[in-house]
Amino acid sequence: MFKRLIEEKIEKYIKGKDYKTFYIWGPRRSGKTTILQKLAKELGVRVFNFDFSSDQSFFTPKRDALDKLIRDNKIILIDEIQNYPQATVVLKLLHDEYKVKVIATGSSELRQKVKEFDTQAGRFTEHYCLPLSLKEIKTNSNLPSYEEEIFEKKLQEELQVFGSYPEVYATRGLTDEAKTRLLENIVQTYILKDIVDIYGLKNKKLAEDILTKIALQLGSEVSIREIAASLGSNGGTVANYIEIFIKNYILIPLSSFKTNIRKAVSENRKLYFYDLGVRNALVKDFRETRLRPDQGGLFENYIILEIEKQRKNTEVLRNLHFYREYGGREVDLVIEDYRKNYHCVEIKVQGKGSNKDIFPLHHAFTTIHKNNYFEKISYVLGGN
């Protein structure tokens, strides 16, 4: 079983004196339930799964019910909490009145769904369990140093084609065909069907078509108006679907960086996928990267998603943007810290960077390519 980075934070939380609700956010099938089941076994408690209304019924704001709940559970574990957001009122009481630790997972952040979440202000911390990160994969591989370079080269190919969902990457003996079928199932069952059902969306095909259009534009700015026109929909509907995909850890948004120097032109965002196996299932292409016309976009998405995973896993304070001038020159990634220091990143499959002087503010500059990506991802985020 893979040891996940989030497990170290959970261990500190359980041993510590902090009673704030410990939220773990991430997409379906990213390993959250596995972590809770492992914890339940170690602690001798149960997991309350809010997919079931019977489990939801234990969480009612009545003292006798809460007395029994904490008597039977020294620590409370909740899975899929987004299915019963009203429970946040109970979690507030558990924090204020009972000082009991709660670990709750969700595939959609509650603050986006209910006003009741605001009642927990100052009573929770937020963490993430995303598809496997480079650091997690390497840590669990236990490689001798002389094999690391070959491993890193093979890994980038594997993750750009089949992604890093735990059951796809870590299940031993899966053939490429089995991985393809599994990813297609994840897209149809957990990404499209789940989101359509949970949010009451009216059109599963439209959701899939929107994601497919975005999948075909890796590295390019996404125009909601153009997508809507091509699908015979309206901009408001397309924008709503895209925001839901972002909130549920399917898409990573990259906004255009704006400065007072009026060279930046773009109002659109770029959208990348949290998992390239999912992206490739949408476009139905699982060929080797060297055979792909979208090779550059795949590698760009690969680097940005790994930077985003590391940003969330380490909880480092950074904002991510891209930058483009009126003349068309652009910087793939601008990393901004809370002191307004900037690190510009050019992402190329191979070769040296050529856009060092485009960004108009003082900045550091790094080119990330297939031979240096492993160490440079940590470097551009500040060494975390």
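Predicted model: local features only at pLDDT ≥ 70, side-chain atom pairs only at ≥ 80, totals over all residues.

Residues are numbered from 1 along each chain as its sequence is written, and side-chain values use heavy atoms, with hydrogens and water left out.

- Helices (H or I, at least four residues) and strands (E, at least two) are DSSP runs, numbered from the N terminus.
- Strand S3 (residues 75-79) is largely enclosed by the rest of the structure, because 5 of its 5 residues are buried (under 20% relative accessible area, with exposed over 50% and partly exposed in between; 1.4 Å probe, protein chains only).
- Ile75, Leu77 and Asp79 point one way from S3, while Ile76 and Ile78 point the other way, and all are buried.
- Strand S2 (residues 47-49) pairs with S3 in the parallel sense over 3 bridges, where two strands pair if DSSP finds at least two bridges between them.
- Phe48 has Ile78 of S3 as its bridge partner.
- S3 also pairs in the parallel sense with strand S4 (residues 101-106), over 4 bridges, and Leu77 has Ile103 of S4 as its bridge partner.
- From S3 the chain passes through helix H5 (residues 87-98) to S4 in a right-handed β-α-β crossover (with the strands pointing away from the viewer, the path from the first strand over the helix to the second runs clockwise).

**The open sheet**

- The 7 strands of an open sheet follow the order S6-S8-S7-S9-S10-S11-S12, with mixed pairing.
- Strand S6 (221-222) and strand S12 (364-368) are the edge strands, each pairing on one side only.
- Strand S9 (residues 318-324) and strand S10 (residues 330-337) pair in the antiparallel sense over 6 bridges, and Leu320 stands opposite Ile335 in S10.

**The largest pocket**

- The largest pocket holds about 460 Å³ of space.
- Of the 23 residues that line the largest pocket, Arg29, Gly31, Lys32, Thr33 and Thr34 are the closest to its centre.
- Helix H2 (32-43) and helix H8 (166-169) each supply at least two residues of this lining, and the largest share, 5 residues, comes from H2.
- A pocket is an open set of points on a 1 Å grid over the protein atoms alone, where a 1.4 Å probe fits, with protein on both sides within 12 Å along at least five of seven lines; lining residues have an atom within 4 Å of a point.
- Grid points are joined across faces, edges and corners, and a volume is the space filled by probe spheres set on the points.
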